[in-house]
Amino acid sequence: MAESGASGASIELENLTKRYPGNPHPSVDNVTMEIKAGETVVFVGPSGCGKSTTLKMINRLIESSGGRVRINGEDVTHMDPVKLRREVGYAIQSSGLFPHMTVAQNISLVPRMIGWSKARIRSRVEELLHLVGLDPGEFHGRHPRQLSRDQQQRVGVARALAADPPVLLMDEPFGAVDPVTRDHLQEGLIRLQRELRKTIVFVTDDFDEAIKLGDRVAVLRERSHIAQFDTPEAILTHPADDFVSGVVGAGAALKRLNLSRVRDVEITACPTATVDDPLQEIFNGLRASGTNEILLLDEHRRPYRWLRRGDLMRARGSLTRAGTPVTATVTRDATLRDALEAVLTDNAGRVPVTGRRGEYEGVVDMETLKHRVHDLLEADRLTAIEHQHALEKTRTPQTPAWQEGGAGAETRS
Ligand code: ADP
Ligand code: MG
């Protein structure tokens, strides 16, 4: 199967079924679905609907009672368990790290199991810690209890990626962290996935998370029945039925801001200065720019404080306390919804965009976001009008009754 460094593998579920002893109904009932190599598919649905059971049958943490799972065409029931561990990474909520093992030992679990050399393992651990944004020197010898929740989750993801599996299964991996941390982890995963192109099956009960991460989203109802399996756009604009509408919830137009990234809109420049610049130079820069605010960057060129002219006058040499601190930044991978939130939280009317090391790259402003919201609402309005016209057409008297019923049913589906 896939060589090290290769991207994802396809996954096919065929009539996949799970009956737990003592349960009158199957918990997963006849699920058939195709997941393409390199895509991220998110299972979303209410608690108890069978998401975890379905996921765990893919890597046989749970044995199915019927049906089939194929990874790159190969039936997993015939696959050697060691090979299966190598092909399929697995990350869960609350990271599932072993408390008595160091970060490095946790990450290297599967590579050790499949007999990698010490040298290869050492360099892989280092590479993975870099990949998930943790400094190897600082973290490799720590124990899980010496890490924050966010860091534990990162290590959990690194462990799942350790043997470079083409398939990654993630069961509510960000469920137990606060919203800000979750945003960071989600952005991290999006960035990782752009580089790695694994096949990811991700489980969540949070629809917003689903549309943020998924190339396609499977909305599941009881017994893992697929209510709708489509792109986030299609689900938001054409939910298949009332159940899906319920899962989508209110504010579908605003939720579509989750589908656009900062990289999709115009990032503009704003006047900047660094903490080492002489005050007079900053003054001149501000005057020349024709705006009333300048963004002060720290010694690593990270956004630091917003300064207005008055702030500069009062500063008297030291800029470390002048103006207002930058409270929010976004990366190019952030969604426009996150950007909007950041703009609304920060009173500057715009949010700095930063690169991988937090360095300043530009700003996204309120106007840009307003235009995008306006376009989305306008598109919705046009779709609604089209629907209305389609409906009216089917209701004109010359349309035979049998056609009316058919077309009407279609517009609702
Ligand atoms: P989800 O991940 O969507 O919350 P699960 O896959 O964990 O749902 O569970 C699906 C259904 O299967 C639930 O009704 C649950 O009670 C049942 N179930 C899960 N695990 C077991 C088990 N080990 N024994 C019996 N029933 C189980
Ligand atoms: Mg679950």
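Select helices α7 and α8 first, where α7 passes α8 in a right-handed crossing; a crossing is right-handed if the near helix is turned clockwise from the far one by less than a right angle, and left-handed if anticlockwise. Helices (H or I, at least four residues) and strands (E, at least two) are DSSP runs, numbered from the N terminus. The model is predicted, so local features need pLDDT of at least 70 and side-chain atom pairs count only at pLDDT 80 or more, while totals for chains, interfaces and linings use all residues. Residues are numbered from 1 along each chain as its sequence is written, chains are lettered from A and ligands numbered from 1 in the order in which they are written, and side-chain values use heavy atoms, with hydrogens and water left out.

Staying with this pair, the axes of α7 (residues 149-161) and α8 (residues 179-196) come within 10 Å and cross at roughly 20°. That angle makes α7 roughly parallel to α8, since angles under 35 degrees count as roughly parallel, over 145 as roughly antiparallel, 65 to 115 as roughly perpendicular and the rest as oblique. Axes are lines fitted to C-alpha atoms, for helices over the stretch in contact, and angles run from 0 to 180 degrees between N-to-C directions. Now show the side chains of the contact (heavy atoms within 4.5 Å): α7 contributes Asp150, Gln153, Arg154, Val157 and Leu161, and α8 contributes Thr181, His184, Leu185, Leu192 and Leu196. Coloured by class, the contact of α7 with α8 has five nonpolar, three polar and two charged residues, where Ala, Val, Leu, Ile, Met, Phe, Trp, Tyr, Cys and Pro count as nonpolar, Asp, Glu, Lys and Arg as charged, and the others, Gly among them, as polar.

Next, select the six strands that form an open sheet of mixed pairing in the order β6-β7-β8-β3-β9-β10; two strands pair if DSSP finds at least two bridges between them. At its edges lie β6 (88-92) and β10 (225-230), each of which pairs on one side only, and the twist averages 15° from one strand to the next. On the β6 side, β6 and β7 (residues 167-171) pair in the parallel sense over five bridges, with Leu169 in β7 as the bridge partner of Tyr90. Helix α1 packs on this sheet, touching β3 (40-44), β6, β7, β8 (199-204) and β9 (216-221), and the direction of α1 makes about 155° with that of β7.

Two bridges join β4 to β5, which run antiparallel, and Asp75 is the bridge partner of Arg70. The hairpin of β4 and β5 has two residues between the strands, and Asn72 in the turn shows a positive phi of about 45°.

Then select strands β12 (residues 293-297) and β13 (residues 303-308), which pair in the antiparallel sense over five bridges, with Ile294 opposite Leu307 in β13. Their hairpin has five residues between the strands, and Arg301 takes a positive phi near 60° there. β13 is also joined by two bridges to β14 (residues 324-325), with the two strands running antiparallel, and the bridge partner of Trp306 in β14 is Thr324.

Finally, colour the chain by domain: the assignment gives domain 1 (11-248) and domain 2 (264-367), with bounds that come from an automatic or database domain assignment. Taken over C-alpha atoms, the centres of domain 1 and domain 2 are separated by 37 Å, and the contact takes eight residues from domain 1 and seven residues from domain 2.
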